[in-house]
Amino acid sequence: MRTTISVIVPTIRKYLWNNFYKNLENSLHADFELIFVTPHKELTEELKDKKNIKLITDYGSANRCQQIALCNATGKYVRWASDDETFFENKLDRVLDFYEKNKSSEKDVVLFKFYEGERNGEGVLHTSGRTEMSNWEQYYRMKKACPWLEYAFNIGTVSPDYWIFNTALMNTEYLKSLGGFDTDFETTFVAHTDLGIRAQNNNSRILLFDEPVTHCTHMPGTSGDHAPIHYAQILHDEPLLKSIYFDKKSKNRIKIDLNNWKNSASVWKRRFKR
């Protein structure tokens, strides 16, 4: 019988895995597989006997690792995640139920809210000092999340009313048919943005689950272990996304090669020195 959901996680923080798995179990009671793609070669002692975890060792970028995880996903649906996420109790159950009751096509995608940063009474204190992640229009619309794509909005290669895909659940085979994530991008956020554009170019219908489902930490700038991601996003990925969608030929960009990860660096030199 096919697994219901594949949860795919590019990860370097092994010390977070036990809590990640525990929170995932509390949030999702359907059968699932968890796929870690990581430079680590072994699971933690607590997780080593779990039959629903796949561990794949790779030293590539976060986005390459995410794509490798997708290629190995066997669940009916897929949810991408970061290793610092805390899933709220029973919320992934509710997302799955909402999706199955409301989808009309395998192309439909459900998006849900998340919180990031220090949690307060309203859910999150982001670096702006606001709680904008609770507002669909202020955070999850392309025109608000990616104002640096304004020229693409103006020339019609990207709709400013498209949604960003950093939190989503979708049909695995449909995602694979689109080619998954473009590993010319190094970071997951920009790859998710590109995927969202391509899926909505393909007329995917967006279903909005109007509740926060997960919380993750926030590392501004180069704080913590975030420096390689920070520099990859601002120096490489955002300029690359602009170069693609500032070209009118990208207006109907939809499908890419699923095996595109094989063309990306097997060792991500921004983080790993080998």
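Let me begin with a term: a residue is called buried when its relative accessible area is under 20%, exposed when that area is over 50%, and partly exposed in between, with a 1.4 Å probe and protein chains only. What we have here is a predicted model, in which local features need pLDDT of at least 70 and side-chain atom pairs count only at pLDDT 80 or more, while totals for chains, interfaces and linings use all residues. Residues are numbered from 1 along each chain as its sequence is written, and side-chain values use heavy atoms, with hydrogens and water left out.

I will start with Asn171, which counts as buried because its relative accessibility is 8%. Asn171 belongs to strand β7, residues 168–171, where strands (E, at least two residues) and helices (H or I, at least four) are DSSP runs numbered from the N terminus. The side chain of Asn171 makes a polar contact of 2.8 Å with that of Glu106; by that term I mean a pair of N or O atoms within 3.5 Å, where, within protein, one must be able to donate a hydrogen and the other to accept it, and residues adjacent in sequence count only if both atoms are side-chain atoms. Setting aside residues up to four places away in sequence, Asn171 touches Lys76, Tyr77, Tyr99 and Glu106, a contact being heavy atoms within 4.5 Å.

Which residue of β7 is the bridge partner of Tyr77? The partner is Asn171, and strand β4 (residues 77–80) runs antiparallel to β7, joined by 2 bridges, where pairing requires that DSSP finds at least two bridges between the strands. Strand β6, residues 109–116, is also antiparallel to β7, with 3 bridges, and Val110 stands opposite Leu169 in β7.

Let me move on to Tyr174, in helix α7 (residues 172–177), which is buried because its relative accessible area is 7%. Neighbours within four places in sequence aside, Tyr174 is in contact with Glu106, Lys107, Ala199, Asn202 and Ser204.

Finally, a helix pair: the axes of α2 (residues 62–71) and α8 (residues 188–201) come within 8 Å and cross at roughly 55°, so α2 is oblique to α8. Axes are lines fitted to C-alpha atoms, for helices over the stretch in contact, with angles from 0 to 180 degrees between N-to-C directions; under 35 degrees counts as roughly parallel, over 145 as roughly antiparallel, 65 to 115 as roughly perpendicular, and the rest as oblique. Ala62, Asn63 and Gln66 in α2 meet Thr188, Ala191 and His192 in α8.
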